Structure formats: C-alpha cells, structure tokens
Amino acid sequence: MNAHEIDYEIYGEEMQYVEIELDPQEAVVAEAGSFMMMDTDIKMDTIFGDGSGQDSGVLGKLFSAGKRLLTGESLFMTAFLNIGQGKKKASFASPYPGKILPIDLSEKGGKFICQKDAFLCAAKGVSVGIEFSKRLGRGLFGGEGFIMQKLEGDGMAFVHAGGTMARKELAAGEVLKVDTGCIVGFSHTVDYDIEFVGGIKNTVFGGEGLFFATLKGPGTVYVQSLPFSRLAGRVLASIPRGGKDKGEGSILGGLGDIVMGDNRF
C-alpha cells in the first residue's frame with residue numbers, strides 16, 4: 001500500500017492549522033468538521049471510511065466504514081483531490097486549542113496508535129483502523145475503552161493534541177506513568193497497560209482518578225497537557241446553575257466576584 005506523497009506546513013501556535021500541498025491527482029482524507037479552506041480545482045468527495053479500501057469492491061468499502069463505527073467516528077470521511085494542472089493547497093484546523101502532530105508512518109514502522117478522537121487528516125492511502133485492547137483492565141479503565149485508533153501505511157498522517165504536547169523517547173524496559181486522558185498516541189512497539197493508583201487517601205481524596213496508564217518502551221510516546229474532556233469539564237463547571245450567576249441575589253452581587261474572586265474552579 002503506497003499512500004499519496006504530500007507536502008505540508010503547520011501554522012500558528014495555540015490554535016494551529018495544517019496546510020497541505022497537493023500535486024495533480026493527489027488527495028488527502030480528513031475528518032468531518034476539520035476543513036478550513038482550499039484552492040480552486042480541488043474536488044471534495046464524501047467517501048466510506050478512510051478511502052484505503054475504495055478499490056476492493058463493496059465489501060472493502062463496508063469494512064473500512066465499519067472500522068470507523070467501532071471507534072465512535074462517522075461512517076464517512078471527506079477526500080480532497082487535486083483535479084487541476086498545478087499544485088493546489090487545502091488547509092485543516094484543530095478542533096480546540098493545542099498542537100498538530102505530523103506523523104510519517106514510514107518512519108514509525110508503518111503503524112501508530114492514538115486515542116480515538118486524535119486523528120485530523122492523512123494522505124489518501126493511509127488506513128485509519130482500530131486497535132483492540134487485549135487486556136481487561138486496559139479496556140475497562142483505560143479511558144479510551146477497548147478500542148483505540150490505529151494508523152497504518154507509509155504516508156503522512158496528522159493528529160491533534162490539547163494544550164502543550166510532550167514527546168518522550170522510552171528506552172527498552174523504561175516505564176512512563178501518565179494520566180489516561182493525557183495520552184495522544186505512541187509507537188506500536190510501546191506496551192500499554194493500566195495501573196491502580198492505590199492507597200485510601202489517593203483513591204478517595206486524590207481527585208486524579210483511580211487509574212493511570214503505564215507505557216513501557218522501547219518507542220515514542222506523545223502526551224497532551226489539556227485533554228478535551230478536562231477542558232469540557234472546566235467549561236461545564238463555569239456554567240451558572242438555574243440561569244443565574246452565583247453572585248446574583250447576594251448583597252455584593254457581581255462585586256462579590258471582584259472582592260472574593262471567582263471560585264467556581
């Protein structure tokens with residue numbers, strides 16, 4: 001399987017987007033909602049799955065789409081094909097503040113594992129599949145369930161991480177412990193498992209969850225500082241209950257937030 005060879009450039013700091021340059025008849029596939037802008041002579045086409053099984057008949061298309069259903073994604077993706085004569089560009093944006101990570105699958109042994117909602121776009125020919133957990137604890141308590149996304153092929157793929165991203169190179173046997181929601185992805189050579197935090201005080205009062213992930217090298221691990229679930233939780237916590245701000249109705253009213261500080265977080 002040979003993916004299309006694409007060139008790219010990433011712009012921005014905290015709200016990034018990736019601009020992909022397509023030669024004639026080159027294409028990129030992207031998640032619904034990630035499209036930002038494109039040149040003329042680029043044709044958009046809604047396809048089943050990731051497009052990697054489009055030449056294998058109806059069963060290939062159904063299998064490709066079915067893999068996406070299991071990861072909680074839509075049955076469909078969008079392909080952007082350059083039908084013009086010269087080079088054309090299409091851009092795709094992150095869905096929330098963070099960083100875009102370019103992955104050359106040919107340098108990752110043809111396979112990369114990432115969380116279910118991390119995938120942004122990829123050269124056509126890259127397979128976006130599923131990675132089943134073979135361990136009960138990892139499936140029940142890993143935050144990502146029994147299934148993670150698996151990117152396979154020899155082309156470029158792009159995933160996004162929330163907040164600031166850290167890259168860790170693990171030696172053989174080296175172990176890194178990470179909050180389960182903070183994992184972006186890792187090399188297929190990394191062994192991933194779940195470990196109980198332990199201790200009554202940690203369990204009841206720690207506020208960090210009951211489990212964390214243990215990642216054992218060799219391989220590369222990417223970690224995000226602001227998972228979307230954590231960001232969404234903070235937003236929900238800031239929503240006034242009953243349509244009123246907590247300062248309304250008090251003697252100080254809105255002035256109370258200035259004097260006392262807003263302690264909703």
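Q: Which residue of strand 18 is the bridge partner of aspartate 179?
A: In this predicted model, aspartate 179 is bridged to phenylalanine 212.

Q: Why are strand 15 and strand 17 called edge strands?
A: The open, antiparallel sheet of three strands has the order 15-18-17. Strand 15 (175-179) and strand 17 (191-196) each pair on one side only. From one strand to the next, the twist averages 30°.

Q: Which strands lie at the edges of the six-stranded sheet?
A: That open sheet has the order 5-6-3-10-13-8, with antiparallel pairing. Strand 5 (42-48) and strand 8 (98-104) are the edge strands, each pairing on one side only. Here the twist averages 20° from one strand to the next.

Q: How do you know that strand 8 pairs with strand 13?
A: Seven bridges link strand 8 to strand 13 (residues 156-162) in the antiparallel sense. At least two are required, so this counts as a pair. Opposite isoleucine 100 stands histidine 160 of strand 13.

Q: What makes strand 6 largely enclosed by the rest of the structure?
A: Of the seven residues in strand 6 (residues 76-82), five are buried, so the strand is largely enclosed.

Q: How many bridges join strand 6 to strand 3, and how many to strand 5?
A: Strand 3 (residues 27-30) is joined to strand 6 by four bridges, running antiparallel. Strand 5 and strand 6 pair over seven bridges, also in the antiparallel sense. Among the partners in strand 6 are threonine 78, bridged to alanine 30, and alanine 79, bridged to aspartate 45.

Q: Why is the pair of tyrosine 8 and phenylalanine 158 called edge-to-face?
A: Ring centres within 6.5 Å make a pair, and planes over 60 degrees apart make it edge-to-face. For tyrosine 8 and phenylalanine 158 the centres are 5.0 Å apart and the planes stand at 75°, so the pair is edge-to-face. A search of the whole structure finds seven aromatic pairs.

Q: What does the pair of tyrosine 8 and phenylalanine 158 tie together?
A: Tyrosine 8 belongs to strand 1 (residues 7-11) and phenylalanine 158 to strand 13, so the pair ties together parts that are 150 residues apart in sequence.

Q: Is tyrosine 8 buried or partly exposed, and is phenylalanine 158 buried or exposed?
A: Buried means under 20% relative accessible area, and exposed means over 50%. Tyrosine 8, at 37%, falls in between and is therefore partly exposed. Phenylalanine 158 has 0% and is therefore buried.

Q: Why is the pair of phenylalanine 186 and tyrosine 192 called tilted?
A: Planes under 30 degrees apart would be stacked and those over 60 edge-to-face, so the rest count as tilted. The planes of phenylalanine 186 and tyrosine 192 lie at 50°, with 5.5 Å centre to centre. Both phenylalanine 186 and tyrosine 192 are buried.

Q: Which residues form one aromatic cluster?
A: Phe35, Phe80 and Phe92 form that cluster.

Q: Which residues have the most contacts inside the largest nonpolar core?
A: The core has 37 residues, and the list is Val18, Ile20, Phe92, Cys121, Leu151, Phe158 and Val159. Apart from neighbours within four places in sequence, cysteine 121 is in contact with residues including Val18, Ile20, Phe92 and Phe158. A second, separate core of 14 residues includes Leu170, Val178, Phe186 and Val223.

Q: How do you know whether threonine 220 is buried or exposed?
A: The relative accessible area of threonine 220 is 6% and the limit for buried is under 20%, so the residue is buried. Threonine 220 sits in strand 19 (residues 219-224).

Q: What makes the link between threonine 220 and glutamate 169 a polar contact?
A: The limit is 3.5 Å for a pair of N or O atoms. The side chains of threonine 220 and glutamate 169 are joined at 2.9 Å, so the distance falls within that limit. Beyond four places in sequence, other residues in contact with threonine 220 include Lys108, Arg167 and Phe186.

Q: Why does lysine 116 count as partly exposed?
A: Lysine 116 has 27% relative accessibility, between the 20% and 50% limits, so it is partly exposed. Lysine 116 is placed in the loop between strand 9 (111-114) and strand 10 (119-123). The C-alpha atom of lysine 116 is 8.8 Å from that of lysine 150, 34 residues apart along the chain.

Notes
Residues numbered from 1 in each chain as written. Predicted model: local features only at pLDDT ≥ 70, side-chain atom pairs only at ≥ 80, totals over all residues. Heavy atoms only, no water. Helix = DSSP H or I, 4+ residues; strand = E, 2+ residues; numbered from the N terminus. Buried < 20%, exposed > 50% of the residue type's maximum accessible area, 1.4 Å probe, protein only. Polar contact = N/O pair within 3.5 Å; in protein donor to acceptor, adjacent residues only side chain to side chain. Contact = heavy atoms within 4.5 Å. Axes fitted to C-alpha atoms, helices over the stretch in contact; angles between N-to-C directions. Phe/Tyr/Trp six-rings, centres within 6.5 Å; stacked < 30°, edge-to-face > 60°. Core = buried A, V, L, I, M, F, W, Y, C linked by side-chain atoms within 4.5 Å.
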